[in-house]
Amino acid sequence: MHEQQTATAEVPEVKNPVESLLRMDRMPHIWCPGCGIGTTVNCFARALEQSKVDLDKTAIVSGIGCTGRVAGYLNLDSFHTTHGRAIPFATGLKLANPDLKIVVYSGDGDLFAIGGNHFIHAARRNVDMTVICVNNLIYGMTGGQVAPTTPVTAKGTTYPYGSYDPPFNLPFLADSSGAVYVARWTVYHVHHVTKAIKEAILHRGFSFVEIISPCPTLYSRRNRLGDGLDQMKFYQENSEIRHGANTKDVDIDFQKKIIVGKFVERERKTYRQLMNEHLTSVFGEQYTKYEG
Amino acid sequence: MKAEKNAVLTGAHFIDGDHAACEGAIAAGCKFVAGYPITPSTEVIERIALRFPLVGGVFIQMEDEIASSIAIQGAVWAGKKAMTVTSGPGFSLMMEHIGYAAITETPCVFINVQRSGPSTGLPTLPAQADMMQARWGSHGDYEVIAIVPNSPQECFDLTIRAFNLAEEYRVPVLVMMDECVGHMTEKVVIPEADQIDIVERKFTKKPPGEYKMFETNESMVPEMIKVGDGYRMHLTGLTHDERGYPAMSPKVQQKMLRRLVDKILLNEEKIRHIEEDEVEGADIVVISYGITSRVVLPAIKKAREDGLKVGHIRLLTVWPFPEAYIRDLAKRVSAFVVPELNLGQIVHEVERCAAGHAVTRLVPHAGGAVHEPVDIYDAIKGVLEHA
């Protein structure tokens with residue numbers, strides 16, 4: 001994917017309430033006015049503070065794209081990896097040091113097009129990590145191409161007459177692949193987003209939070225949906241909270257109702273638990289556990 | 001630093017090259033392997049999977065080679081030594097992450113047990129046709145180290161060397177085996193652990209705040225850290241400055257890239273690993289590597305019996321190419337004969353370095369078997385006649 005220029009500027013005077021979690025020497029960020037990614041970062045930072053996890057033992061891994069830039073702005077051990085490969089990188093990180101709290105933070109194109117295979121396998125294994133997907137229904141960084149999440153009939157530059165390419169229903173994909181925690185909110189629901197991220201981080205196993213977010217520059221403009229604020233109004237008016245909804249029923253159609261809520265919360269043994277228990281049963285004391 | 005005692009299978013073994021490479025990795029301190037099955041390399045990960053539970057390592061069979069080649073890099077930044085293992089088609093899939101390891105200076109080892117290509121090719125039969133891919137396969141400019149064993153014993157020894165070089169230069173090191181070497185069974189002597197030298201990762205002693213991710217001194221190789229130690233590091237595959245922050249300018253690119261390349265090229269003589277046989281006074285020098293270096297022996301013997309002055313150079317490290325060495329030698333010999341299991345790869349390097357001072361003759365082979373020694377013999381005999 002094509003990377004755009006990063007601007008540098010003076011550190012702003014106004015204190016951000018989550019400043020301690022941000023790399024202020026990298027501000028201003030690259031995101032457009034009205035973009036929802038910054039809002040999700042704010043929610044994430046608050047969720048981290050509330051969850052009381054050891055920040056020195058928390059690593060964030062991103063892929064490539066607009067949301068892929070999140071890792072670079074957070075004052076944590078942070079990795080900006082290759083396109084689609086944040087999850088397998090995070091898998092290596094987690095297995096090599098099980099004491100770490102791992103968060104993968106990336107976009108819908110990165111996680112579900114080029115990286116889709118890794119998502120389903122990490123969910124199947126139940127690798128202990130939280131995947132946060134900022135879903136803006138489009139490729140932002142490269143200029144507004146259709147993603148595997150773009151609703152049918154919505155326009156992108158690669159489907160200029162409207163998309164006929166059926167999209168994924170991300171909560172259903174996560175649920176059926178084995179994720180132990182699945183929630184969806186929009187950036188309008190900042191408190192819910194914060195709470196969901198906190199719960200996901202504290203829930204052992206592969207947890208998934210989808211955050212629907214506006215892309216005013218590309219998705220909204222090409223589809224004549226107004227600006228960021230218009231999208232927020234749309235989320236406010238068209239979101240329906242339905243906790244525990246069957247994930248089969250939460251497809252996103254173009255400019256129709258968005259079902260949000262906590263859909264899945266269950267317990268499964270993690271990959272590492274399964275590995276340790278099984279190899280201990282085979283080898284007994286001979287089994288040499290991997291030291292963190 | 002010496003190898004870990006309980007991890008090293010000291011003794012004489014009768015094992016194949018794939019198994020020997022596995023033991024080399026374990027002896028070198030490898031604790032994380034991610035892999036995907038592919039002929040003819042699979043035996044390496046199978047043995048890793050058998051051995052790791054007893055030596056404190058983790059093996060994970062990933063969903064593909066792309067995942068394997070980036071999972072190992074996650075493990076490296078968590079503080080472990082890590083490798084992945086593959087063959088041609090998988091090696092092609094790993095190319096992007098060789099580039100990621102190069103730009104992020106992530107020390108890691110890739111084993112490629114070469115088979116014939118392109119594409120699926122001859123999965124169970126040998127080739128040496130990924131040698132240029134090893135050097136150039138990922139996009140952009142970068143340098144790697146590639147080493148080439150010719151026996152199971154060397155699969156053990158050189159895999160240890162691969163891990164050591166990876167740590168010393170913070171670079172991906174590629175062990176370029178081939179199907180013959182991988183599947184041939186021979187005696188492999190594994191020494192006592194305290195006889196095996198291991199290069200440990202150079203972690204910084206600087207505290208967070210003083211440490212910069214890519215700050216270097218004369219060594220050109222920055223010190224490392226690992227996740228979870230409070231450094232709040234940032235690593236990116238974007239062009240980055242000393243802090244590791246993205247910096248989109250030609251100036252930063254020049255500085256970063258120059259160092260990535262120079263840290264290998266300027267140390268080529270130190271990294272160089274060559275075996276010479278009767279090179280002094282030779283008219284004709286055969287240059288070979290990997291399995292081919294064994295096939296050339298009867299041809300060289302016969303040519304010498306005919307009265308020809310034939311020397312032999314075996315490249316155990318192919319990248320960085322021993323450019324200065326070949327340039328110098330080209331002025332003292334008449335011809336180079338380069339047999340390889342491809343239609344011409346390393347011969348281009350030899351020819352470039354010979355720069356017209358010596359005739360350079362390829363002995364090609366499309367792969368699927370090794371050369372007939374007579375073809376190499378004919379090339380040696382004919383190289384000066386047709387010059």
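Predicted model: local features only at pLDDT ≥ 70, side-chain atom pairs only at ≥ 80, totals over all residues.

Trainee: Okay, and how far is its sulfur from the closest cysteine sulfur?

Mentor: The closest one belongs to B:Cys30, and the gap is 8.8 Å, which is too far for a bond.

Trainee: How many disulfides are there over all chains, then?

Mentor: Zero, over all chains. Take A:Cys32: its nearest cysteine sulfur is that of A:Cys35, 6.4 Å away, and A:Cys32 is in no disulfide.

Trainee: Is A:Cys32 buried, exposed or partly exposed?

Mentor: Its relative accessibility is 35%, so A:Cys32 counts as partly exposed.

Trainee: Switching topic. Which residues touch the most other members in the largest nonpolar core?

Mentor: Those are A:Leu93, B:Phe32, B:Trp77 and B:Phe336, in a core of 103 residues. Domain 1 (5-195) and domain 2 (274-383) of chain B both contribute residues, so this core lies between them. There's another core apart from it, with 52 residues, including B:Val33, B:Val85, B:Val109 and B:Ile196.

Trainee: Why would nonpolar side chains be buried together?

Mentor: I can only give you the general pattern: in soluble globular proteins, nonpolar side chains tend to be buried together.

Trainee: Back to A:Leu93. What does it touch?

Mentor: Setting aside residues up to four places away in sequence, A:Leu93 touches residues of chain A, among them A:Ala59, A:Val61, A:Phe79 and A:Ile102. It also touches residues of chain B, including B:Gly74, B:Trp77 and B:Val227.

Trainee: Now sheets. What's the strand order in the open sheet of five strands?

Mentor: In chain B the order is 11-13-12-15-16, and the pairing is mixed. Strand 11 (274-277) and strand 16 (359-363) are the edge strands, each pairing on one side only. From one strand to the next, the twist averages 20 degrees.

Trainee: How many bridges join strand 15 to strand 16 of chain B?

Mentor: Five, and the two strands run parallel. Across that pair, B:Val337 stands opposite B:Arg361.

Trainee: Which helix packs on the sheet?

Mentor: Helix 10 of chain B, residues 292-305. That helix touches strands 11, 12, 13 and 15 of chain B, and its direction makes about 170 degrees with that of strand 13.

Trainee: What about the hairpin of strand 5 and strand 6 of chain B: how many residues sit between the strands?

Mentor: Five, and B:Ser119 takes a positive phi near 55 degrees in that hairpin. The strands run antiparallel and are joined by two bridges, with B:Ser116 standing opposite B:Leu122.

Trainee: Over to chain A. How many residues of helix 5 are buried?

Mentor: Seven of its ten, so helix 5 (residues 116-125) is largely enclosed by the rest of the structure. A:His118, A:Phe119 and A:Arg125 are among the buried ones. Just after the helix, A:Asn126 takes a positive phi of about 60 degrees.

Trainee: Last one. Where does A:Leu225 lie?

Mentor: In the loop between helix 8 (216-222) and helix 9 (228-238) of chain A. A:Leu225 counts as buried, with 14% relative accessibility. Leaving out neighbours within four places in sequence, its contacts include A:Tyr219, A:Asp230 and A:Phe254.

Definitions and conventions. Residues numbered from 1 in each chain as written. Chains lettered and ligands numbered in written order. Heavy atoms only, no water. Core = buried A, V, L, I, M, F, W, Y, C linked by side-chain atoms within 4.5 Å. Buried < 20%, exposed > 50% of the residue type's maximum accessible area, 1.4 Å probe, protein only. Domains from an automatic or database assignment. Contact = heavy atoms within 4.5 Å. Pairing = 2+ DSSP bridges. Helix = DSSP H or I, 4+ residues; strand = E, 2+ residues; numbered from the N terminus. Axes fitted to C-alpha atoms, helices over the stretch in contact; angles between N-to-C directions. Disulfide = S-S within 2.5 Å.
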